[in-house]
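Student: Can we go through the charged side chains in this one? Put the structure up and I'll start asking.
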Amino acid sequence: MTLLQSAATDASTPVPTVSVVIPVLNGEATLGQQLHALAGQTYGGPWEAVVADNGSTDGTAELVEAWAGRLPRLRLVEASDRRSTNHARNVGAAAAVGGLIAFCDADDVATPSWLAAMVAGLDHHDLVGGRLDEEALNDPAARAWRWTRTASELPRALRFLPYATSANIAVRADVLRALGGWNEDFVRGGSEVELCWRAQLASYRLGYAPEAVMLYRHRSTRRAFLHQQYEYGRAEVQLYRAFRDRGIPRQRVSRACWAWGWSMVHLPDLLRSPVDQGRWLRRTAFRAGRLHGSIRFRALCL
């Protein structure tokens with residue numbers, strides 16, 4: 001299942017210098033919004049959009065075909081041989097022809113100047129991360145459950161190096177190849193952190209482009225949200241194990257004890273408002289993921 005618009009192969013059409021890669025699995029409900037946003041980008045140079053389908057069983061393929069006329073350099077590539085978002089990203093990147101590659105997700109919405117800001121950021125850096133807008137697509141209660149992100153800089157994990165989120169990151173194609181692509185061993189979170197840390201430790205420059213704004217969509221159900229937080233906690237242990245010999249600060253057991261103590265003290269929050277419930281569940285699910293990860297990866301990162 002590979003769709004290639006004729007305009008992309010027409011000799012009179014400029015070769016894209018930028019590729020936007022979108023990994024997707026059953027994204028029929030939201031992908032159209034992202035494609036509509038990409039069709040409205042202000043970036044003036046030649047670029048393409050590559051949708052890497054990770055095995056969709058809904059109408060994702062038909063949706064992309066319907067959009068082909070409105071995004072002349074839109075392609076759909078098959079990436080269903082392994083169920084993994086990172087695998088889809090790698091397949092999409094391998095199919096991309098641009099010297100710059102920007103990654104976004106099928107359930108988010110790029111603002112009009114997103115791609116232009118990403119390209120400008122890569123003028124001075126090897127990788128660049130943009131800013132997430134978590135208000136536009138999410139209700140206040142769901143936003144209140146989550147950690148507050150700062151808009152002034154890229155986030156950090158485990159008190160180590162900064163990273164760009166996978167929903168809003170761009171990288172030079174030659175740098176991505178030199179790094180060996182996205183690490184497909186990271187299947188449940190932490191993949192963007194691993195890529196950005198690996199890049200910085202290899203002396204590549206990671207920058208921040210706050211003008212590259214992506215409207216970010218949270219998980220729509222409490223169950224999905226808790227599963228995500230659990231996997232985030234588990235992934236942090238995998239990250240710690242992978243980088244503990246590269247200068248990452250040692251994780252303190254006392255910090256974990258404090259976190260578990262907080263969950264015990266605030267247990268009555270489960271009987272209070274939905275916001276209080278969500279905050280308790282978020283912290284406890286994340287810490288449970290850390291505990292499981294410490295056992296699974298044999299690394300003490302409680």
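Student: Is R244 buried, exposed or partly exposed?
Tutor: This is a predicted model. R244 has 39% relative accessibility, so R244 counts as partly exposed.

Student: Where is R244 in the fold?
Tutor: R244 sits in the loop between helix 9 (222–243) and helix 10 (253–265).

Student: And which residues form the positive surface patch?
Tutor: R188, R241, R244 and R296 form that patch.

Student: Switching to salt bridges. How many turn up in the whole structure?
Tutor: The search finds seven. One of them joins D105 and R89, with the closest N and O atoms 3.9 Å apart. That pair links distant parts of the chain, 16 residues apart: D105 is in the loop between strand 5 (100–104) and strand 6 (109–110), and R89 is in helix 4 (residues 85–95).

Student: Are those two buried or exposed?
Tutor: D105 and R89 are both buried.

Student: What does E194 pair with?
Tutor: R198, and the closest N and O atoms are 2.8 Å apart. Both are in helix 8 (residues 191–201), and because they are four residues apart, about one helical turn separates them.

Student: Why does E194 count as buried?
Tutor: Because its relative accessible area is 5%, and buried means under 20%.

Student: OK, D269. What is its partner?
Tutor: The side chain of D269 meets that of R272 in a salt bridge, 2.5 Å from N to O. D269 is buried, with a relative accessible area of 7%, whereas R272, at 48% relative accessibility, counts as partly exposed.

Note on methods. Residues numbered from 1 in each chain as written. Predicted model: local features only at pLDDT ≥ 70, side-chain atom pairs only at ≥ 80, totals over all residues. Heavy atoms only, no water. Patch = residues over 30% accessible without salt bridge, like charges linked within 9 Å, V, L, I, M, F, W, Y side chains within 5 Å. Areas by Shrake-Rupley, 256 points an atom, 1.4 Å probe, with all protein chains shown as cover. Salt bridge = Lys/Arg side-chain N within 4 Å of Asp/Glu carboxyl O. Lys, Arg positive; Asp, Glu negative; His and termini not counted. Charge placed at Lys NZ, Arg CZ, Asp CG, Glu CD. Helix = DSSP H or I, 4+ residues; strand = E, 2+ residues; numbered from the N terminus. Buried < 20%, exposed > 50% of the residue type's maximum accessible area, 1.4 Å probe, protein only.
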